[in-house]
Amino acid sequence: MTIVIDALQYLGYVLIFPGFLFCFLAGMLLCGIDRKLVAKMQKRVGPPILQPFYDFFKLCGKETIIPAAAERNTFMLSPLVGLAALVVIQLFIPVFGFTAFSGIGDIIVILYLLLVPALAMILGGAASGSPYAGVGLSREMVTIISCELPLVLVLLAVAKTVGGAIGTGLCFSLSQIAEYQEVNGSLITKISMLPAAAAMLLLIPGETGSHPFDAAEAETEICEGLLAEYSGAPLGVFKLSHAVKMLSLTSLFVALFLGGLGTGILALDAVLLFLLCALITAASISFVHAFTARLKIEQIFKYYWTVVSLLAAVSLALAWYGL
Amino acid sequence: MNMLGNILSYQHFPIYAIMALFLGSFLIAAFGEKRSVRNILALLSVTAALGFILALMKPVVFHGEIISYWMGAREPAGGYAIGIALEVDALSFFFALLVAVAVFVSGVYSIQYMNRDDNEKEYYTLYLLLCGGVMGMVLSGDLFNMFIMVEILTFAAVALTAFRNTVRGAVEAAFKYLVVGCMGSTCILVGTAILYAQTHTLNLAQLAQLAPGDVNTATRLAFALLFVGFGTKAFIVPFHPLAADAHGAAPASVSVIISGVLTKSGIYGIIRICYFLFQSMGLGAMQFLLVFIGSLSMFVCVTMALAQHDFKRLLAFHSISQIGYVLTAVGLCTALGVSAGLYHAINHTLFKGLLFLAAGAVLHETGTTDLNKLGGLAKKMPHTTALFMVGAFSISGVPPFNGFASKWMIYQASYQKAVESGNIGFLLVTIIALITSVLTLASFVKVSHSVFFGQLPPELANVKEVSWGMRSAMGIFALLCIITGLFPNLVTAYLTEPAAAAVFNVKNYIEAMGFDGSAAVQLEAGGFQHAGVWDPVSWLLVLCIALLAITIVAVAGKYGNVSRCRAPAVENKYQLFYGGEEQEFSQLGGEDLFWGFKHNWRGYFKFMHRLHSGVVNDYALWAVVDLALVTLFSLIVL
Amino acid sequence: MFKRLIAERTGKSPWLFHINAGSCNGCDIELVSVLTPRYDAERLGFKLAGSPRHADIVVVTGPVTKQSLPRVLRAISQVPEPRCIVTMGSCPQSGNVFRGSYSIAGPLSKYVPVDVDVAGCAPKPEAIIDGLTLAAKILKEKRGRMN
Amino acid sequence: MILLNYIASFFLIGLGFYAIVTKYNLVKTVIGLSIADYGVNLLLISIGFNPGGTAPIFTWSELDYNSFFVDPVPQALTLTSIVIGACVTAMSLALVIKLEEQYGTIDTRKIRRLRG
Amino acid sequence: MDFPFMKEAISQLFSKSSCAMYPAVPSQAAPGYRGRIEYHPELCISCGMCERVCSGNAITRSVENLEDGRDKITLTFNLGSCTFCATCADFCTKHAIEFTGDYHMVATKEEDLLVSGSFIKAAPKKKAPAAAKTEGCQTPAGKESGVKPRDDGKPVNDPARCVYCTLCAKKCPAQALTVDRAAKTWTLDEDKCVSCGTCAQVCPKNCIIM
């Protein structure tokens, strides 16, 4: 009997909170808030906050054209796999004190899982056979490489800080990091973590492929690159994935640096998480979007491997010497 | 009856396994004129080898026994080992298992892969000779025997590299390999001779017993020579160009053996000399050597691979990059590190074997491995594509495939080491390993785009899927990739941890052969604890549930509102969007990808391109310089 | 439920694909100005898409020259259903000052059914917004008919 | 005497490696390999040499603690090594012939289709 | 790195948008905007000038002969072909064509973009029956008119057909012609005239003879 209840509970985690439904609603809302804020900063009115929902439902109603040159199964399946991987990431990330699945993954798993949605998109695009997708794939991969170094440095810095504090040397477990912050307050209050947090903020738009770093999906030059041949529902799923990715990365930020703010009540925590995510989205994605022009791909690479990596490395060095 | 029982005792199985392969080789040379006879003989010998090795699992792994076997029952006399010995501890068994599995699968694959070549008889003769050489090398308990086996496998590998001598550069590659390989072999022999002069024995166990008391200039020199010698076999930097040349030219089934197994025998040799023979020389300094060369191999080769546009050459560079992972992890000298390194060795054999077989399948059907000429094969060869993707995901460390599990352990091991020793160098190793991993992913994205996805060139319109035999060989590897990825705990518990324990238990190794092991330096192996958690089965379950839920919603939400081209002629609607132009063939070549990355590193890539000049003298010079540096290092630092 | 949700939302997020069929760029600039802060068509859900596969509304400007005609038709056929075709400015509707030229294949309505014409040379952004909202309405009807 | 052997053997090995590194002629490369091999053979045989020892040919009954003979093991090693050396030479010369056929030259600087 | 609009981005977040909010808030076209054509048939004299100067061929004129001998003349302006250059309005002596500020020229059918108007032209006076009979411009000038061409090659006006549209005066490169619309006079300054024939060419009624 208890097994059934447990199974149902876990199913609930996967499907409702913090799984699929939460990802869908919160991600889309974040995306809407982002679009609204960017519009505001550009002195526009902007779309309604629910606009991403409209877009998604509209796309679901459209015809899905599979080009004759495409490999059908990969083309159709990869959006779903990418979305599923994102939902799973969200399950790993603790919501303050609460973690749905603490026992099956840690920071490095998340580091790799973050590759999966991008990979799904790359494979889907490659399977479409479009030359635009080829260019997009190349750029997307370079963007991933660019973000990888600073992200690794940030995660190692956090692992060292928490590990050093709880006495295991290093700590890759996200739930332990969350627990540590529950007891000792947010990591962002530490001096050594400030550059890391800043680096992470700069990383979020790159990882999500948001504006100045969206060379891979440049709609004006390479016809949205990887997505050039997608239409209808699969495209909608990709748009949803993009929204959920924003949620995942921002809530990863919350989990890494802003833990310990939780109230202990799950519903309140969820709302708080969402609000913090929206705040981080505003600060990192929307704000940068509003006043920058799209970077060239080699500029993205240079930027991430110099400025952002340097920030993260400073943080790691500070953490290393126990500051 | 008793005699039969004696013959079938597992004590004899190691030599049976070696003999099965050599005997198969000789029998094919003698009677292999007919194809059926040849195939049956080859299959029998590889199956027998696999069977004998698997049968050793029970005593060696479960009972922790160390099998010592004296050829001709010539036990040591007067405290000195005169006879030739085989000694199988968990480490040897581990590598032998790798060899047996890879040889078996590659043998199955060969039967249909090689059916368009002539001189098949010679192929199988050399192939089994190569396999026997590797098997003999990892099971041998005698340093000179190891040298003999190394020579056998080098010759067989060189001959097989040049086997398709009409392939562009095959003979050239074979010659380069022969020259540098023989320099390496010479180094091993000189090292062996010097050790013999010092200790008057060639038995590994006895060498391990005697070496600790006797660390002088000569043994240091011997260490350097042996290290470089086995290094050439493992193709670690600076010998990586040879690997690239040889793999590119050799038939795919041979590349599997060269990359999956031959390089591992080099790693085996390095583990034996570092951890067994010379462990008293101070592992701390040796650690630096191993980790430095490992990280260098890891990084240099992955960047070289990014610049390649030949499928097999690219895989070859990746193979050395992965060997770099193994070497780095093994060099960390912790239980976790060695275990992780060995785990990665298994995985490398499996996924690189799979990838080479997929490359071979592509070559078999299309006749080329040039990434700029291929594309869109996913529509023609769906199974090969799926199997290739499994391999590509594994090598790039995408969860839940096996590459992830072992890389995860390697990261933890190196970072743990960094934290524990306070040495920031190991931190750098962790970072390099992580970056290498993502660069690996990048180059496999490149391969998958320019071979299997993208557009189908018009001249490849008649390509067909490869035969069942080849697909099933790949399937075995793919299945093993998934299994080792999904059950890392089983793999570590039954394969890598016993082997890692064997690495740290030199005393047992010496005593099993009947020598006094009390002088051996006992390393602190210790247990290890994972700093994070990784449970692939639950993860996969969660992913499946999520995927299922999404799929159900998708199907309910008219995801299937699909229209696709049914008519043979492609209507406008189903053509690709080309800014309005009519669809034409415009596949993005493999070379042109990742410009943004290469542009920033153009100086580095130019430098590397100049360095890999293709002139055999340069490679020989690298070997000599490497030898000089390692010698200097071992004389000064160790 | 999904069907209704989809049908309701279709009109609220029309994405545009803009084809220049030999235009003088006047209309193109006006179309861009519709997306500027001053007019901000995004608040009505309009967005410029990069590929016809993403689009709902195809906006054609220019007199449809003989060179561009097959390309225009191909791009339009690649837009998934339901789709809506809007001609912008006088050129695609009649040829305008280029009418009768040796290189003109227009008007567009000879080849594909055009849903909305926005007259003007070039149309005022407000007129474009009018036209696009009308197109969005037609789109919604078309979607409703698909069910 | 023995020291001279050691010096000579290492000199030969060095000479062989030097030839491999500096000579651009394939045949000279092969010769370099052979020279290095002879050096190793000389080293091996010198290691086993005991001044004044007899040939190591005994039956069990003849063998006692006073027998003084040169070490037989390095001799066995040397024999093996000579065989291997012959193999190397044969194999590499075969490859040189093939290379000459395919490239029309035996200059190593021109045999570099595989590079980068 | 320099981000010139960073401050603006923040300050605009808290300021009102500069958006025109068009469909909700109706907007007027700027004065002088040339929008939808308004045609006043009651003013039109069917001189045909507009049709001739229209670069987009947007104006068509159709004539319907009524039973009582009068003609019903219909001018149709196709907004879908118009460049809104307003040359027709400029040339219209009667101000029968007007460009309004209405920019809502959106249609789902092509007919919605047509502006047309018709009027009934009174039967021509008996004084010049020939002109009435040869309605339109087909007849070569001067053949049946009462005026004879001058010997020196300078233009002559046929007052019977002239509508005093002043086009000839506008086009005359030497400014030798003076036309008074109100007084219905047509005078030629013979000293200035260069006998180029532009006036005869541009005359919509073909009433200038050379």
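The legends below describe close-up views of one predicted multi-chain model.

Local features are described where pLDDT is at least 70 and side-chain atom pairs count at pLDDT 80 or more, while totals for chains, interfaces and linings use all residues. Residues are numbered from 1 along each chain as its sequence is written, and chains are lettered from A and ligands numbered from 1 in the order in which they are written.

**View 1**

**View 2. Helices α12 and α15 of chain B.**
Helix α12 (residues 252-277) of chain B packs with helix α15 (residues 335-366) of chain B at an angle of about 160°, and their axes are 7 Å apart. Axes are lines fitted to C-alpha atoms, for helices over the stretch in contact, and angles run from 0 to 180 degrees between N-to-C directions. The two helices, α12(B) and α15(B), are therefore roughly antiparallel to each other, a label for angles over 145 degrees, as against under 35 for roughly parallel, 65 to 115 for roughly perpendicular and the rest for oblique. The crossing of α12(B) and α15(B) is right-handed; a crossing is right-handed if the near helix is turned clockwise from the far one by less than a right angle, and left-handed if anticlockwise. Residues of α12(B) in this contact include S255(B), S259(B), G260(B) and K264(B), and those of α15(B) include H348(B), K352(B), G353(B) and F356(B). In the contact of α12(B) with α15(B), nine residues are nonpolar, eight polar and two charged.

**View 3. Helices α1 and α2 of chain D.**
The axes of helix α1 (residues 2-22) and helix α2 (residues 26-47) of chain D come within 7 Å and cross at roughly 160°. That makes α1(D) roughly antiparallel to α2(D), and the crossing of α1(D) and α2(D) is left-handed. The contact of α1(D) with α2(D) has 18 nonpolar, seven polar and one charged residues. Chain D does not touch chain E, their nearest C-alpha atoms being 37 Å apart, and no contact joins chain D to chain C, where the closest C-alpha atoms lie 38 Å apart.

An open sheet of six strands with mixed pairing runs in the order β2(C)-β1(C)-β3(C)-β4(C)-β5(C)-β5(E), two strands being paired if DSSP finds at least two bridges between them. At its edges stand β2 (47-48) of chain C and β5 (106-107) of chain E, each of which pairs on one side only. Strand β3 (residues 57-61) and strand β4 (residues 84-88) of chain C run parallel and are joined by five bridges, and V60(C) stands opposite T87(C) in β4(C). Helix α2 (residues 26-34) of chain C packs on the sheet, touching β1 (15-20), β3 and β4 of chain C, and its direction makes about 140° with that of β3(C).

**View 4. A three-stranded sheet in chain E.**
Chain E contains six helices and ten strands, and one open sheet of three strands has the order β2-β3-β6 (chain E) with antiparallel pairing. Because β2 (59-65) and β6 (114-121) of chain E stand at the edges, each with a single partner strand, one side of each is left without a neighbour in the sheet. From one strand to the next the twist averages 20°. Seven bridges pair β2(E) with strand β3 (residues 71-78) of chain E, and the bridge partner of V63(E) in β3(E) is I73(E).

F91(E) lies in helix α3 (residues 87-91) of chain E and is buried, with 21 other C-beta atoms within 10 Å. A residue is buried if 20 or more other C-beta atoms, placed from the backbone, lie within 10 Å of its own, exposed if 12 or fewer, and partly exposed in between. Leaving aside neighbours within four places in sequence, F91(E) is in contact with M49(E), C50(E), V53(E) and L167(E). Between F91(E) and C165(E) there are 8.6 Å in space, C-alpha to C-alpha, although they are 74 residues apart in sequence. Of the 210 residues of chain E, 27% count as buried.

Technical notes:
Helix = DSSP H or I, 4+ residues; strand = E, 2+ residues; numbered from the N terminus. Nonpolar A, V, L, I, M, F, W, Y, C, P; charged D, E, K, R; others polar. Contact = placed C-beta atoms within 7 Å.
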